[in-house]
Every structure is written in structure tokens, then in C-alpha cells.
Amino acid sequence: PVLVSSHFSQLGSPILDALSVKYLMTPEAVREYPDHYKVVYDKEVLIFENSSASPKAYVVSSEDVRQADPVHIPERLEKAPDHNLTFVERPALKTEEPASASQQLPEIVTYTNHHVEIAVLDSAGLLVLTDAWYPGWKAYVDGSAVPTQPVNLIVRGVWIQKHATKVEWVFDPLSVKLGFWISGIGLLIICGIAGSYLVQRLSF
């Protein structure tokens, strides 16, 4: 659960819904809270269940995607008249076919720390995964690498066309590759020095 205070003015904020915050916890008594919040634990702390939280993965029609300056995205999320509105930093991609939200939500097939696989069906638009955005994540749609972008400031998304069936997120940061190569080169240097030392000892 997300820990909040009863003095937190944004309790019930649309931002929490957009980020798929399903449970919230407060150490203080809260007398007033939104109708879509349900108390599921009320002992030493209060834990609420948020029934309006977005799914872990969902598709947004390109018509509901807006470009916005990152500084203004939180404010625009708060004031958005429609909870379907989603904000990105780069221009929205126009899909080849009219965007359509499938009645069936994307299905998360695999979910690990370094790999997420999502099955999609008859959907076009922006596929949002409400996990933290980080540049080391790469996306593949049906095996082909595609650009990724932050959505609603801190989660990640990728554009898909209507014929797409599978989206994969793979954590492959450059720092890991550099670390591997540096470690490998360092090991070769150590082996070279050790080998040279042994040759010199044997020659005497």
C-alpha cells in the first residue's frame, strides 16, 4: 500500500487512480474520503482499497492522449475532466487504423524484475504499464523493437497498432553492458599479468 497522511490534500486524487494505486495506508484517522475508497483494515492504521485504480496494463485511444510539459502533467491530471485522459511528453502517435479500446484488457502473461510480457487483442493506441519509467527498459511489439516513452510523468508506455498481439518489456540498461565489458577487460588484464609473471618465473 501507499502510505499517506490524513492531512494529504490529494487523498482521492485522480493521480493515484492513474498510477494504479490500489491500496492506501494512513496512520491517522480519516473522517472523510471518496466513495470509491473502502476501508479494509482499521486497527493500528487505516488501509483503504481504491476501486477506481487503473488496471496494471491498459490501452488508451490516441484520441485520449495529450502532449504536455512534464512540469504541468500532475496539474493537468488533477484537472482532467475525463479519467481516460493520458499525458505524454512527446507528440501522440497517430495509429495506422482508428484507435479502438478492446473490451478485453491486456493480459500480463509474464512478470519478473527484468521481463514483462503482455498479450493484447484487437487494440490500437497507447499501451500503458503502470510500472516506473526508467530508460533501461526496452520494448518489443511482436518481436520488433519500438520506441518507449514515459506516460503520466512516471510510468511507461508504448504505441501499438491494431494487429499487434504481444508486447514485451526487457530491462537492458547500458550500464549493465558497460559493467560486463569492463569486468571482462579487467579479467583479461589480470590473466595477462598473471601469465607474464609465471613465464618470467619459469624462465629463471
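## Confidence of the model

In this predicted model, confidence within the protein chain reaches its highest value in strand β9 (residues 115-119), with a mean pLDDT of 97, and falls to its lowest in strand β1 (residues 2-3), with a mean of 54. Over residues 5-9 the pLDDT is below 50, and beyond near neighbours in sequence this stretch has seven contacts in the model.

For the protein chain as a whole, the average pLDDT is 80. A score of at least 70 is reached by 74% of the residues.

## Overall composition

The protein chain contains 15 strands and three helices. Of its 204 residues, 34% are buried. The chain exposes about 12,500 Å², and carbon and sulfur atoms supply 59% of that area.

Contacts between residues at least 6 apart in sequence can also be divided by separation: 57% of them join residues at least 24 apart.

## The five-stranded sheet

An open sheet is formed by five strands in the order β8-β9-β15-β11-β12, with antiparallel pairing. Its edge strands are β8 (107-111) and β12 (144-146), each of which pairs on one side only. From one strand to the next, the twist averages 25 degrees. In general, the strands of a sheet pair through backbone hydrogen bonds, in either a parallel or an antiparallel manner.

At one end of the strand order, β11 (residues 137-141) and β12 run antiparallel and are joined by three bridges. Within this pairing, A139 has V146 of β12 as its bridge partner.

## Nonpolar cores

The largest nonpolar core comprises 15 residues. The members that touch the most other members are I118, L127, V158, I160, V167 and W169. At least two residues of this core come from each of β5 (57-60), β9, β10 (125-132), β11, β14 (155-160) and β15 (166-171). Strand β11 gives the most, with three residues.

The surroundings of I118 can be described in detail. Leaving aside neighbours within four places in sequence, I118 is in contact with A57, P106, E107, I108, V109, L127, L129, T165, K166, V167 and W169.

Strand β14 is largely enclosed by the rest of the structure, because six of its six residues are buried. Both faces of the strand are covered.

Strands β13 and β14 form a hairpin with three residues between them, and N152 in the turn has a positive phi of about 50 degrees.

## Residues with positive phi

Most residues other than glycine have a negative phi. L153 is not a glycine, yet it has a positive phi of about 80 degrees. This residue lies in the loop between β13 (149-151) and β14. With a relative accessible area of 31%, L153 is partly exposed.

S20 likewise is not a glycine and has a positive phi, of about 60 degrees. Its place is the loop between α1 (14-18) and β2 (23-26). The relative accessibility of S20 is 17%, so this residue counts as buried, the cut-off for burial being under 20%.

T26 belongs to strand β2. With a relative accessible area of 2%, T26 is buried. T26 and D42 are separated by 16 residues in sequence, and their C-alpha atoms are 9.8 Å apart in space.

Definitions and conventions
Residues are numbered from 1 along each chain as its sequence is written. This is a predicted model: local features need pLDDT of at least 70, side-chain atom pairs count only at pLDDT 80 or more; totals for chains, interfaces and linings use all residues. Side-chain values use heavy atoms; hydrogens and water are left out. Two strands pair if DSSP finds at least two bridges between them. Helices (H or I, at least four residues) and strands (E, at least two) are DSSP runs, numbered from the N terminus. Axes are lines fitted to C-alpha atoms, for helices over the stretch in contact, and angles run from 0 to 180 degrees between N-to-C directions. Buried means under 20% relative accessible area, exposed over 50%, partly exposed in between (1.4 Å probe, protein chains only). Contact means heavy atoms within 4.5 Å. Accessible areas come from the Shrake-Rupley method with a 1.4 Å probe; for residues, only the protein chains shown count as cover. pLDDT is the predictor's confidence in each residue, from 0 to 100. A nonpolar core is a set of buried Ala, Val, Leu, Ile, Met, Phe, Trp, Tyr and Cys residues joined through side-chain atoms within 4.5 Å.
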